[in-house]
Amino acid sequence: MAKSRTTSITCKKKKSIVKLKIVVEKLKKSLLCGRSKSSVSKCDDSKNVPEDVKEGHFAVIAVDGDEPKRFVVALSYLTHATFLKLLEQAAEEYGFDHEAAITIPCPPSELEKILHDDQQWQEEERLV
């Protein structure tokens, strides 16, 4: 019985990792589509990346009730454990079909804290 439960948990983790990889790949393709001048003919104009989203970044909308807030986040956050958990929650709640910014079920203040704490940690690492 314990082996079956462990196998079930392992399978669920593998499935969520696969789903997360799909989201990351779609995000990368979307960003490349919007940035690449040579692929303009392949991309719909509605998928162009807004001017405030610099190369190496993507847009995220943190939503908690009626309080949405848009953030521009560096691609490096795709390896940040806490941010990856938020992406997994977003995939479960909203699915994988995104035309624009990724919406995550997180209070904007919490995402601000995650981004701010990580920036402080990176700066401290550079000083050492």
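Me: What share of the 128 residues of the protein chain count as buried?

Reply: The share is 29%. A residue is buried when its relative accessible area is under 20%, exposed when it is over 50%, and partly exposed in between (1.4 Å probe, protein chains only). This is a predicted model, where local features need pLDDT of at least 70, side-chain atom pairs count only at pLDDT 80 or more, and totals for chains, interfaces and linings use all residues. Residues are numbered from 1 along each chain as its sequence is written, and side-chain values use heavy atoms, with hydrogens and water left out.

Me: Why is F58 called buried?

Reply: Its relative accessible area is 0%. That is under the 20% limit, so F58 is buried. F83 is buried as well.

Me: How do you know which elements the protein chain has?

Reply: DSSP runs decide: helices are H or I runs of at least four residues, strands are E runs of at least two, and both are numbered from the N terminus. The protein chain comes to three helices and three strands, and along the sequence they follow the pattern α-β-β-α-β-α. F58, for example, lies in strand β1.

Me: What makes β1 and β2 a pair?

Reply: Two strands pair if DSSP finds at least two bridges between them. Strand β1 (residues 57-63) and β2 have six bridges, in the antiparallel sense, so they pass that test. Opposite V60 stands F71 in β2, opposite I61 stands R70, and the bridge partner of A62 in β2 is K69. The two strands form a hairpin with five residues between them, and G65 in the turn has a positive phi of about 70°.

Me: How many bridges do β1 and β3 have, and in which sense do they pair?

Reply: They pair over four bridges in the parallel sense. On this side, A62 stands opposite I104 in β3.

Me: Why are β2 and β3 called edge strands?

Reply: The three strands form an open sheet in the order β2-β1-β3, with mixed pairing. β2 (69-74) and β3 (102-105) each pair on one side only, so they are its edges. Neighbouring strands are turned by 35° against each other on average, direction ignored. Axes here are lines fitted to C-alpha atoms, for helices over the stretch in contact, and angles run from 0 to 180 degrees between N-to-C directions.

Me: What makes helix α2 a partner of the sheet?

Reply: Helix α2 (residues 81-94) packs on the sheet and touches β1, β2 and β3, and its direction makes about 100° with that of β3. Touching is contact, meaning heavy atoms within 4.5 Å.

Me: What makes a group of residues a nonpolar core, and which members touch the most others in the largest one?

Reply: A nonpolar core is a set of buried Ala, Val, Leu, Ile, Met, Phe, Trp, Tyr and Cys residues joined through side-chain atoms within 4.5 Å. The largest one has 22 residues, and F58, V73, F83, L87, I104 and L111 touch the most other members. Elements giving two or more residues to this core are α1 (2-35), β1, β2, α2, β3 and α3 (108-127), and the largest share, five residues, comes from α2. V73 touches G56, H57, F58, V60, F83 and L115, leaving aside residues up to four places away in sequence.

Me: How do you know where the predictor is confident?

Reply: From pLDDT, the predictor's confidence in each residue, from 0 to 100. Its mean over the protein chain is 75, and 68% of the residues reach 70 or more. Confidence is lowest in α1, at a mean of 67, and highest in β2, at 91. Over residues 35-42 the pLDDT is below 50.
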